[in-house]
Amino acid sequence: GAGQGARGAMYRDVAEGSDAKITEKSEKARKEFFQKCEKLKKGASFSDKLIQETANVAAMEYTKLFGRIGVKPLMHLKGGKKRPRYVVDRDETWVMYKPPLWQQGGTFDAWRKNLLEIQQNSRSLKDAEDKYLSSTKDELLQEWHMLQSGFMWLPPEHASTDMKNWGFVQRLDVETDGFIMIAKTWRSMRIMQTQMKLHLNTKAYMCLVHGKLDHKTVYVKRRFAELGSDAQTQVMLQFDPENDPFYDWCMQGKWKKRSIRMAETFFMPLAYYRRKEDNSEYTLCYVNILTGITHQIRITMQSYGHPLVSDDRYLPKDQAMADLKWCPRNFLVNVRSDFFDMTGPFDDPSRKRYHRVSIENPLPQMFQNILTKKLQLTQVLEPTADLFVGPQYWAIGDYELMSAYPKDEEYRKKVMRWGQRRGIHTDALDRLLLLSKDDIDEVLNHYQPPEQLGADTYSYWICPVCMHWNTPDELNFKQQKGNEWGEKVDPDVCRGGNEKGALGRKCTGRRQTPEDEVKSIVPNGWLNYVKDPTVHLLFIVNSRYLEARKAIMRQSRPAWVKPPEEVEGTMATKEMLSALEEALIAKAKEGHMGIPEMELPKIPGLEDIQLPLAVPQGASIQRERLPGRGTGSQWVYTLKADKRIEYTAVYDTKLTRLTGPLHVKTDPLPPEQVTAPKPKVEQVPTNGAGATTVTQAVGKLSWNWSLGDPGADEPAAKRPKTAPKWERRESKSNPGKYYFYNTATGETSVEKPGDLEDAWEAIVSKTSGKVYYYNAATGESQVEKPAGVQIKGSEAQVVAKATPSKPSKPKEEEPKGMKWERRESASKPGSFYYFNQTTGDNEVSPPRVDPPWKLLESKTKRGQYYYYNETTAESRVDPPPGARSASQADKGKPNGSSTPPAGKPEPNGEKLPAGWKRCESDKYKGKFYYTNEKTRETSWKKPSPWERVESASHPGKFYYKNCETGETSWTKQVVGVVN
């Protein structure tokens, strides 16, 4: 014990000396930089152009004192510049692995020009690739991507505007390696940009910094300002009087256009290292970023007094050069990326319309060798962490939230049941459960389903123009701060566009769009990405989740406070670990990160384990939790990074070269975001007095603003009467919903107008042969004769046709364009029937359809049906166009049934649980017994109608179903023979 204490004291002294050395060098360089800048400022003029020129010179002076710009030993090492690889290729999204020495600057025109030049001077694609890989300069990643994918996939309407960056929505520094998301379509790009703006996606990094950080998790929020406009020399300075020599210019209003941005960063130390040659100390850190400003991690750690090893821009110059002797590039790697893809493909589109993409990039072999061979590990701070990829919990703060806000199992079940009733999956509910109970209760009490998007001014809504997710919280902030144009904030105007953001312009979208303007405003491919209830709740909860993570870091809490102990399942044996490792290697070769907990029982040798599988220390397998997962949530099992790097370092999915822009379907706007068409406004010529007159149609009145209402003084009896010209029209954005439109005045109304003339007529139903009454003006239909109205045509002749002396066979073919809709029974809530808007017929059985449509029974709501299109993956509860009456479609079938088949009953009509069978006794004729074909159990008693069924939405979990009533329950029921 005494020896360990002495050794610890020695390391502390060394660490303090090491930190002091870096701090001393940094302070000396900072003072010299300030002196040079003061000289530059003395003779400077204050025009925007001259200020920027002064800043560019100052940035050059900074690079003479800090960093090693232009010195890149990695470029000259064998295999130093590696080939970019594609690790994910989905319907509308690519994810590329960017190696070091690839940059992302430049412009559309420059990239295209360079590519065409390369193409002209290359014999083949491989020849062109070799030119990029053998180059001794930082090549452009966009050019490499287009070399692989071609230009044909770029949507022409967005190619030179919103997608001028060729679909790239992320960037990494030249010497940093990691994942880059690339969009194939405009809507995919906008969804990813929205996730980044709201920090719904998670990016994690590993870095090695100088000195010894305190053993605590830290949240840092600081402002940084740009210096210099040339990307090759541009630097970021902490925006305060001590670190930024141009701080006074900004505060005095002399440099108004300078970019000053807030950076929010979480970091936690994982381990301490020492270098034997000079006894210098280092800390291995794990980092999450909330914002994404230039050089964010590097400048944050520098401002914290612990710059990165081998940093090419923020280390004192002599130290940067010294680090290169044992670390040839910035020690910074993007190790994890987690986001939600709402564009497909989906495993089960009838249940969820999103796919969670979670990928890992362990430290490259070069950095693993530095940590194991060139440095000495002195202390591991996080025993459960994998030092080559990160801690068990992807999101910093999740573990602390579990400790601060513990939940018992009963409370978790209550929240889970609430979500299951609404079709919400654990990806959103787990994140919700990390909040305090007060926050959870507030979310549940104020929750509105996706169908209510945009219902109120202060509500959530998606912009019909740019697809930005507008929130009440964002609105409150904008109203307090004002927007960048100094204008008053309109609560119904989109808040997603600005000059410096992803759009690069102000957005004109509004919360509600008139019906007749939807087609001209909504862009092709517009997607209601929160129509899935899980994604919808994720977007609502995420802002609270982020604030909770920040707040928990500001609290002073004892280090010994831990989350409640979780119940473990089976402890993995040597045989189990071997089977799991074999399965994980196979997954790694296919580009997968690991295996989710619920899929473990599918692995041979693990069929009978109890989840979660516990992994002993020292095993080659690690288990992790994705962002937003806390107590009781699912683990992901992975190979440890030192083993996995063998497969991840070479994985490259074959890129499918697109021959043209992808065809995407445009979603209708949410119902509450569409209003009736605007009244028509027409301009009239200027009158003789010089006053401009405007005629506006509002209802039945029409007046001249400058002259007043011309008929205002006339008695009502003498005013000319005009016949109302009302039409009943179907909403284009909400098929199946109708409004009334006056062709004479332009007025619209959802309610039936009082001056609408009755136009009822009697019609014979072609399916039932019965008479019903139809109003051609309103589209209404009913079986009972409407009271107090005149029926058009000869009603008697129609009725006579409906009751011929000899019944005639109804026609098998139904009229084209018949529109069915599913309606809820008023007398039996929760039960549904189908109404034909053309014939007025009602049927309990769902209408039949032809391919590519399929009629399917809901897995979560037994007895309810929906329609699924196998070509477009669309799903809906209302029958699609062309659906046929069930009673007609099922005629001639052997069983004569008009309803989808249920479970097969026994010959005597009784229903039995799966596996059970009713058999006649050989010994006692006429007597019957029951046998289970799987367990071989027999009984004279009829078994319980309850059976245990594995959940389709939660593999590994089971519920109970009553085969006689169809009732389901999570509560355990008696199964088998009741004794």
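**Close-up views of a predicted model**

View 1. Strand S34 (residues 865–869) is mostly covered, with five of its five residues buried. Buried means under 20% relative accessible area, exposed means over 50%, and partly exposed lies in between (1.4 Å probe, protein chains only). The model is predicted, so local features need pLDDT of at least 70 and side-chain atom pairs count only at pLDDT 80 or more, while totals for chains, interfaces and linings use all residues. Residues are numbered from 1 along each chain as its sequence is written, and side-chain values use heavy atoms, with hydrogens and water left out. Helices (H or I, at least four residues) and strands (E, at least two) are DSSP runs, numbered from the N terminus.

In a regular strand the side chains alternate between the two faces of the sheet. Both faces of S34 are covered. Tyr865, Tyr867 and Asn869 are buried on one side, and Tyr866 and Tyr868 are buried on the other. Strand S33 (residues 853–857) pairs with S34 in the antiparallel sense over five bridges. Two strands pair if DSSP finds at least two bridges between them. Leu856 has Tyr866 in S34 as its bridge partner. S34 also pairs with strand S35 (residues 875–876), again antiparallel, over two bridges. Here the bridge partner of Tyr867 is Arg876 in S35.

**View 2. The open sheet S1-S2-S5.** Three strands form this antiparallel open sheet, in the order S1-S2-S5. Strand S1 (85–89) and strand S5 (178–183) stand at the edges, each with a single partner strand, so one side of each is left without a neighbour in the sheet. From one strand to the next, the twist averages 30 degrees. Axes are lines fitted to C-alpha atoms, for helices over the stretch in contact, and angles run from 0 to 180 degrees between N-to-C directions.

Six bridges join strand S2 (residues 93–98) to S5. Trp94 stands opposite Ile182 in S5. Thr93 has Ala183 in S5 as its bridge partner. Helix H5 (residues 141–149) packs on the sheet and touches S1, S2 and S5. The direction of H5 makes about 125 degrees with that of S2. Helix H6 (residues 186–198) also packs on the sheet, touching S2 and S5. Its direction makes about 135 degrees with that of S5. Six of the six residues of S5 are buried, so S5 is largely enclosed by the rest of the structure.

**View 3. Helix H6 against helix H17.** Two packed helices are described by the angle between their axes and the distance between the axes. The axes of H6 and helix H17 (residues 533–554) come within 10 Å and cross at roughly 30 degrees. H6 and H17 are therefore roughly parallel to each other. Angles under 35 degrees count as roughly parallel, over 145 as roughly antiparallel, 65 to 115 as roughly perpendicular and the rest as oblique.

Thr194, Gln195 and Leu198 in H6 meet Phe539, Asn542 and Leu546 in H17. Contact means heavy atoms within 4.5 Å. By class, the contact of H6 with H17 has three nonpolar, three polar and no charged residues. Ala, Val, Leu, Ile, Met, Phe, Trp, Tyr, Cys and Pro count as nonpolar, Asp, Glu, Lys and Arg as charged, and the others, Gly among them, as polar.

**View 4. The buried side of helix H19.** In helix H19 (residues 641–648), Ala641, Arg644, Ile645, Tyr647 and Thr648 are buried. They cover an arc of only 165 degrees around the axis, which puts them on the same side of H19. The arc is that of the directions from the helix axis to the C-beta atoms. These buried residues pack against several elements, including S1, strand S12 (355–360) and helix H10 (365–374). Helix H18 (574–589), strand S18 (621–624) and strand S19 (636–639) are also among their neighbours.

**View 5. Gln392 in its loop.** Gln392 is found in the loop between strand S13 (376–380) and helix H11 (398–404). Gln392 is buried, with a relative accessible area of 14%. Not counting residues up to four places away in sequence, Gln392 touches Thr384, Gln622, Arg623, Glu624, Arg625 and Trp635. Gln392 and Leu626 are 234 residues apart in sequence, and 8.6 Å apart in space, C-alpha to C-alpha.

**View 6. The open sheet S36-S37-S38.** Three strands form this open sheet in the order S36-S37-S38, with antiparallel pairing. Strand S36 (916–920) and strand S38 (938–939) stand at the edges, each with a single partner strand, so one side of each is left without a neighbour in the sheet. Strand S37 (residues 928–932) pairs with S38 over two bridges. Thr931 has Thr938 in S38 as its bridge partner.
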